[in-house]
Every structure is written in C-alpha cells, then in structure tokens.
Amino acid sequence: MGAPTLADLAQALQDLERNGLAAIREATTPAVLEQLRVDYLGKKGELSQVLRGMGQLPPAERPQVGALANQVKDRLQEALAERVAQVQAVQMQARLQAETLDVTMPGLGQTPGHAHPLQQMMHRVLDVFVGLGYQVVQGPEVETDYYNFAALNFLPDHPARDMQDTYYLPDGRLLRTHTSTVQIRYMEAHQPPVRIVVPGRVYRRDAVDATHSAMFHQVEILAVAPGLTFTDLKGTLVTFIQALFGQVPVRFRASYFPFTEPSAEVDLQWRGRWLEVLGCGMVDPNVLQAVGYDPEQYTGFAAGLGVERLAMIFHEIDDIRRFYTSDLRFLRQF
Ligand code: DAH
C-alpha cells in the first residue's frame, strides 16, 4: 500500500463525517454522546488519525485537506451540541412526567378520632369546676365497705349494702357504687379547705335497660371550709348547670342521702320538662367526724351527678346502652 493521496484523504474525511453524524443521530444519552466526541474528535480520535496521513501529501495539497478536516470537525461539533440539547430535553420531559404531582387529586386525609361523648361530657363538667378553683382527684374502683358506706353514714342495714344491689368480691371488698368514696379518702389525707371534683366509674347490680347500666360514670363535688352554707351550694350548682345548659330554670327539691343533711335533688327545665340532674346537700356532721374534721369549725357541701344521664339529656339520647356499643354511626355524631 502506497502513501494516501489527496483523494484518499478526502474520501476518508467524508466517510468519517457520514459515520459520525449517523452515530450522533442514534445516540440517546449524554454519556454516549460524550464517548462519540472522544472517539471522533479527541486527540487520539478518528479525525486525528486521518490528519496524520496529511504529512505524506505534497505540501501544496495539505491546506485543502486541512480545510476539509476543519469543515468536518465543525459539522460534527455542531451535530454533537444539537443532539446533546435534544437528549437533555427528552430526559427532562420524561422526568417531569414521572414526577407529575396532581395537586387537585383527593388527599390521603388522616381522619383523627375524637373523644367519646361520655368523655366529652365529663370534661365539660370538670372544666366548669376547675374554672371555679376545684382540683380534679380520683380514687380506686375496688373499695371497702368503710369508704363506700360506713364512713358516709350509711347504717349497717341500709338497703344499698344488700348483695342484690352491690358487686362484692370474695374477700368482702366491693366495686364502689358511687364516687362519694373519694370524699372520705381525700379528707382523710388533707386538711380543709377542700375543693375537689372527682370523675370516675361506678358499679351497680342493676338489670341493664334503656336507663340502667351495671357500670356508669359519676362526677362528685366536695367543698369544705369554715362557714360554707346552703347558699354557697346553690350558687355553685346553679352556676355549673347554667354553664353547661345555658340560662335554664333550675330547682332544688328536698331529698335524702345518708351523707348529707339537708339533702336535695336538682332539676333543670329542658325542652318543657323538669329533669333531675344531680343530688346534693350539706355534708353530714357524722361524715366530717369520720375523717377527723371538727363539725363545729367546718361545714361543707357535696354533690354527685351521673355523666350518662347528663349526656342523655344534653344530646337527647334515648338509650344508655348506645354509649357502650361502639357503633360508629352513633359516635360520629358528637
Ligand atoms: N352518691 C350519690 C349517688 O350515687 C350521689 C350524691 C348525692 C353525691 C348527693 C353527693 C351528694 O355528694 O351530696 O346516688
């Protein structure tokens, strides 16, 4: 094989350009295009190879090959730049499509729950008394006869002590029938003045029906201080009831509880009817004595209410059992 002629080199440059342009057109990634640039235009690339043959041409012919080579180089560079821009645009388009965020799509909403209607009512009650300066305290649900009955001035043969009315444990303890137990427990451990509000579960051996449940919730209220009178009791309870129900009429009816004297039941007028909402009274001196308070020095008032009953009045619920069956159709209304 002899030295390449001008025609050979011109042909080689043409072939190089044609092949290079074809390869560039087919490239689909920036990495491939960069490799093509190196292969064709790099220091050891194909164009350099061809130019190496130029040295063997007569000097007069060399500029023609040089000019041709520059043209080829320019066209390949131009094609590369154009194709890089195209490939980048396609890639960007694909990315944008893949990342599409449709802000009008319905969200994956978190549906937070809410407090049970009984808890809501309990908290309403507590809120009012906390606002009046009362402290929230609690006590045990398994109790002794002493805290549930004896210290609260129930006589030994009081019917509430009957096995038929109260749940007894084999060891003689019982499930408390009211939250009044905490009056005794708190006063035993603290000196007056006392201002407490006591939420909790209580138990009665009742047949379950629309208005009775073997377990229900009460809130107990107790205030003891020198000089407290029945007007303090009335003012406090009317304030409480009206905070919950608005400016409803409230009436006090004489009643009886072993641990208060005098005692009363309190009704409110709601949608044209008088409804009983709580029991109350002045703390019986025997109860103060049982915890070592001097009844000559201190007087007190107490009240107890059923949370279920209050919620049933407030929301016009007809059956106490609805509170316990976890029916979402019912619960979601609150
Ligand atoms: N303990 C009573 C009950 O369960 C409710 C009650 C009435 C509580 C009068 C009191 C009160 O503190 O003074 O039926």
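Where does the ligand sit? The ligand sits in the largest pocket. A pocket here is an open set of points on a 1 Å grid over the protein atoms alone, where a 1.4 Å probe fits, with protein on both sides within 12 Å along at least five of seven lines. A molecule sits in a pocket if more than half of its atoms lie within 2 Å of its grid points.

The model is predicted, with local features needing pLDDT of at least 70 and side-chain atom pairs pLDDT 80 or more, while totals for chains, interfaces and linings use all residues. Residues are numbered from 1 along each chain as its sequence is written, and side-chain values use heavy atoms, without hydrogens and water.

Around the ligand are 15 residues, of which H178, S180, R204, Q218 and E220 come nearest; a residue counts as near if one of its heavy atoms lies within 4 Å.

| Residue | Polar atom | Distance to a ligand oxygen |
|---|---|---|
| R204 | side chain | 2.8 Å |
| E220 | side chain | 2.6 Å |
| A303 | backbone | 3.3 Å |

On its own the ligand has 350 Å² of accessible area (Shrake-Rupley method, 1.4 Å probe), and the protein covers 89% of that area.

The largest pocket holds about 1200 Å³ of space, the volume being that filled by probe spheres set on the grid points. Its lining has 45 residues (an atom within 4 Å of a point), and R204, F216, Q218, E276 and R309 are the closest to the pocket centre.

Notes
A polar contact is a pair of N or O atoms within 3.5 Å; within protein, one must be able to donate a hydrogen and the other to accept it, and residues adjacent in sequence count only if both atoms are side-chain atoms.
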